[in-house]
Amino acid sequence: MASAPSDNGHGRVVPLRVIVCGVHRTGTASLRRALWQLGFHDCYHMHSLQQNLSDHPQSWIRALQAKRAGSGTFDKADWDHLLGHYQATCDLPAALFSVELAKHYPEAKVVILNRDPGRWYESVLQTVDVVVKPGSLLDRLTDLYCYALDPQRRHWINFLRLLFSADLGFDHRAEKEKAVSWFSGQYEEFRHEIPAERRIEYQIRDGWKPLCDHLGVPVPMIRNEMGELVEAPFPHVNERDTFAKDIKNLQRQSVTRATANIMAVVGNIAVAGACVYGSLLLWDRICA
């Protein structure tokens, strides 16, 4: 799925039509793919942030600081700038601002994306928690190398640090009760602050019909091998293995950028050295 381009200061380009109140590991990648099939191009997801590391992390840092620390503001013009090319939102970090987005965009439909808290906890333990806390010395050294030499990786790590200190202020592995309490608290806020007539309670296993009925779009249909028109299969993506591969791919890209940056520095130093050496030779000839 292609990412939308950055806004470049033009504000909202397409209407925000769907706000998915679903935090990480609740089926957000599957729902994002489903929304794409339904014509909502595109749905802002953590993957969207990862594909825009030059500028999006800084915007989310500003939003988090305004929401949690009362530092500065993040108003509708800021949201239009950040999310102007997206017709939907889901997953972290956007889900943390679902209430604010619902107030700023009253025409958007709201989907409460549910998952059993215990299953959510175990899923995060096996995926996100591993990324947040690299286990091996090699992974830690790689992160330090990329942080020093790759600005995009530096933006990403700074964003994660703030996210997991300002909002996810608990040790997921060691503090299960706090983690589950945070998860449940997010959904209590969604339901308390967003009117019931705007939202639907939904799980990925519910399939197309309730989602399409709520969004006012037809269930997608395809032709089977017999030529009959049948309901399209609901997408199921981002299993644990896929998640791990995606994270490794991001790390490889960062290492490539970091190495290119250091080679550019070495190259510039070599050119500067050659210029100095050449100048000294020329000076010797002139003075001879």
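The model is predicted, so local features need pLDDT of at least 70 and side-chain atom pairs count only at pLDDT 80 or more, while totals for chains, interfaces and linings use all residues. Residues are numbered from 1 along each chain as its sequence is written, and side-chain values use heavy atoms, with hydrogens and water left out. Helices (H or I, at least four residues) and strands (E, at least two) are DSSP runs, numbered from the N terminus.

**The sheet**

- An open sheet is formed by 5 strands in the order S2-S3-S1-S4-S5, with parallel pairing; two strands count as paired if DSSP finds at least two bridges between them.
- Strand S2 (43-44) and strand S5 (199-202) stand at the edges with a single partner strand each, so one side of each has no neighbour in the sheet.
- Strand S4 (residues 109-113) is joined to S5 by 4 bridges, and within this pairing valine 110 has arginine 199 as its bridge partner, while isoleucine 112 stands opposite glutamate 201.
- S4 also pairs with S1 in the parallel sense over 4 bridges, and here lysine 109 of S4 stands opposite valine 18.
- In S4, 4 of its 5 residues are buried, where buried means under 20% relative accessible area, exposed over 50% and partly exposed in between (1.4 Å probe, protein chains only).

**Helices against the sheet**

- Helix H11 (residues 208-215) lies across S1, S4 and S5 and runs at about 155 degrees to S4; axes are lines fitted to C-alpha atoms, for helices over the stretch in contact, and angles run from 0 to 180 degrees between N-to-C directions.

**Nonpolar cores**

- The largest nonpolar core has 50 residues, of which Trp60, Trp79 and Phe159 touch the most other members; such a core is a set of buried Ala, Val, Leu, Ile, Met, Phe, Trp, Tyr and Cys residues joined through side-chain atoms within 4.5 Å.
- Helix H9 (residues 151-167) gives the largest share of this core, with 6 residues.
- Leaving aside neighbours within four places in sequence, phenylalanine 159 is in contact (heavy atoms within 4.5 Å) with residues including Met46, Trp60, Leu64 and Pro93.
- Another core, of 22 residues, lies apart from the largest one, and among its members are Val111, Leu113, Leu215 and Val217.

**The largest pocket**

- The largest pocket has a volume of about 810 Å³, a volume being the space filled by probe spheres set on grid points that are joined across faces, edges and corners.
- On a 1 Å grid over the protein atoms alone, a pocket is an open set of points where a 1.4 Å probe fits, with protein on both sides within 12 Å along at least five of seven lines, and lining residues have an atom within 4 Å of a point.
- Of the 36 lining residues, Arg25, Thr26, Gly27, Arg115 and Ser123 are the closest to the centre of the pocket.

- Most residues other than glycine have a negative phi, and most peptide bonds are trans.
- Arginine 25, in the loop between S1 and H1, has a positive phi near 60 degrees, and this residue is buried, with a relative accessible area of 10%.
- Aspartate 91, in the loop between S3 and H5, has a positive phi of about 70 degrees and is buried, with a relative accessible area of 5%.
- The peptide bond from leucine 92 to proline 93 is cis, with omega near -5 degrees, and a cis bond also joins histidine 41 and aspartate 42, with omega about 0 degrees.
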